[in-house]
Amino acid sequence: MQCPLLCKEFVIDIWQIYYARSKGADAILLIAAVLPDLDMKYMLRICKNLGMTALIEVHDEKELDRVLRIDGVELIGINNRSLETFVVDTSNTRMLMEKRGDIIKEKGILVVGESGLFTPDDVAYVHSAGVSAVLVGESLIKEEDPGRAIAGLFGKELLS
Ligand SMILES: O=P(O)(O)OC[C@@H](O)[C@@H](O)c1c[nH]c2ccccc12
């Protein structure tokens with residue numbers, strides 16, 4: 001199966017994007033909390049030129065509004081984990097979608113729900129808030145059979 005590859009790294013310099021591409025990445029993570037707008041715009045252009053997609057990550061309304069002002073954004077990740085306290089709160093996705101869902105939809109941007117998703121209920125919750133994809137780490141890494149675990153997160157049983 002062909003599966004798109006996301007380079008989930010703290011990207012702060014342009015060379016990291018070329019490096020990710022050279023290793024086969026299809027997308028990179030750009031974290032609004034650590035990048036000025038100008039850098040995000042420039043990195044987004046480079047991604048497009050390389051045929052890559054940028055997943056732009058936000059945590060709060062202020063970061064989301066900055067990102068929504070940038071042209072050409074196609075994919076936004078809402079992180080439920082505060083980078084300052086590391087506390088996870090999945091209602092962050094719902095709150096930001098309630099506030100900015102209309103403009104996100106209008107712009108045709110896809111939203112990824114990120115962090116703290118461990119159960120089918122967690123996934124269903126962010127889905128109902130309007131996200132069309134999820135970024136999951138911990139709950140899958142700990143599983144022996146990630147394929148089954150992914151299906152489980154979506155509430156499906158896999159016939160073996
Ligand atoms: O392991 P989790 O809770 O399923 O989260 C995955 C991913 O969202 C998380 O690793 C992540 C996304 N962006 C980040 C930025 C910093 C630290 C961690 C992250």
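Helices, runs of H or I with at least four residues, and strands, runs of E with at least two, are taken from DSSP and numbered from the N terminus.

Before that, a word on the source. This is a predicted model, in which local features need pLDDT of at least 70, side-chain atom pairs count only at pLDDT 80 or more, and totals for chains, interfaces and linings use all residues. Residues are numbered from 1 along each chain as its sequence is written.

Now the loop. Phe86 is found between strand 4 and helix 4 (91-106). Phe86 is not a glycine, yet its phi is positive, about 65°. Is Phe86 buried or exposed? A residue counts as buried if 20 or more other C-beta atoms, placed from the backbone, lie within 10 Å of its own, as exposed if 12 or fewer do, and as partly exposed in between. Phe86 has 8 other C-beta atoms within 10 Å, so it is exposed.

Ser115 also has a positive phi, near 80°. Ser115 is in the loop between strand 5 (110-114) and helix 5 (120-128). With 24 other C-beta atoms within 10 Å, Ser115 is buried.

Ser115 brings us to the ligand. The ligand is surrounded by 13 residues, and the closest are Glu114, Ser115, Leu135, Gly137 and Glu138. A residue is near a molecule here if its C-beta atom, placed from the backbone, lies within 6 Å of it. The shell has 5 nonpolar, 5 polar and 3 charged residues. Ala, Val, Leu, Ile, Met, Phe, Trp, Tyr, Cys and Pro count as nonpolar, Asp, Glu, Lys and Arg as charged, and the others, Gly among them, as polar.

The 6 strands form an open sheet in the order 1-2-3-4-5-6, with parallel pairing. Its edge strands are strand 1 (6-7) and strand 6 (133-135), each pairing on one side only. Two strands pair if DSSP finds at least two bridges between them. Strand 3 (residues 53-58) is joined to strand 4 by 4 bridges. Leu55 has Leu75 as its bridge partner, and Ile56 stands opposite Ile76. Strand 4 (residues 75-79) has 4 of its 5 residues buried, so it is largely enclosed by the rest of the structure.

Last, Ile56 again. Leaving aside neighbours within four places in sequence, Ile56 is in contact (C-beta atoms, placed from the backbone, within 7 Å) with residues including Leu30, Met40, Val67 and Ile76.

Technical notes
Two residues are in contact if their C-beta atoms, placed from the backbone, lie within 7 Å.
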